[in-house]
Amino acid sequence: MVGKNDLVKQVALRIKGNKNNVTANDIQLYTELCDTLADVIIDELIAGERVQWRNFLTLEVVTRGARKGRDPRTNEVKDFPPVKSISCKISKKVKELIKE
């Protein structure tokens, strides 16, 4: 599994060119960049906006309608209210790259 720190180090390496050019300040800067990017995306989703990152992914908040369900232990029918969820669609380009 790749964690946030691993991703930040990979970003720093790709921008700086090689491992010897990456400093602790660079890691801190790119960590702040990644955190800010995540915050902006979350803020846009909260505002009801669709976030589209071309050739990567599209995120949007969708509302699943109210439904009826059954409690398997008691067989009681219950009403479940509408629920907000995030829809994530991966771009065709990424899907093709993964298939290779």
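Predicted model: local features only at pLDDT ≥ 70, side-chain atom pairs only at ≥ 80, totals over all residues.
1. Residues are numbered from 1 along each chain as its sequence is written, and side-chain values use heavy atoms, with hydrogens and water left out.

2. Asp39, Asp43, Glu44 and Glu49 form a negative surface patch. Patch members have over 30% relative accessible area and no salt bridge, with like charges joined within 9 Å and nonpolar side chains within 5 Å; a salt bridge is a Lys or Arg side-chain nitrogen within 4 Å of an Asp or Glu carboxyl oxygen. Glu49 sits in the loop between helix H2 (24–46) and strand S1 (51–53) (DSSP runs, at least four residues for helices and at least two for strands).

3. A nonpolar surface patch of about 290 Å² comes from Leu37, Trp53 and Phe56, with areas computed by the Shrake-Rupley method with a 1.4 Å probe. Phe56 is in the loop between S1 and strand S2 (57–64). Its relative accessible area of 37% makes Phe56 partly exposed (between buried, under 20%, and exposed, over 50%).

4. How many disulfides does a search of the whole structure find? It finds zero, a disulfide being a pair of cysteine sulfur atoms within 2.5 Å. For Cys34, the nearest cysteine sulfur is that of Cys88, 17 Å away, which is too far for a bond. Cys34 is partly exposed at 25% relative accessibility, and Cys88 is partly exposed at 45%.

Technical notes. Lys, Arg positive; Asp, Glu negative; His and termini not counted. Charge placed at Lys NZ, Arg CZ, Asp CG, Glu CD. Buried < 20%, exposed > 50% of the residue type's maximum accessible area, 1.4 Å probe, protein only.
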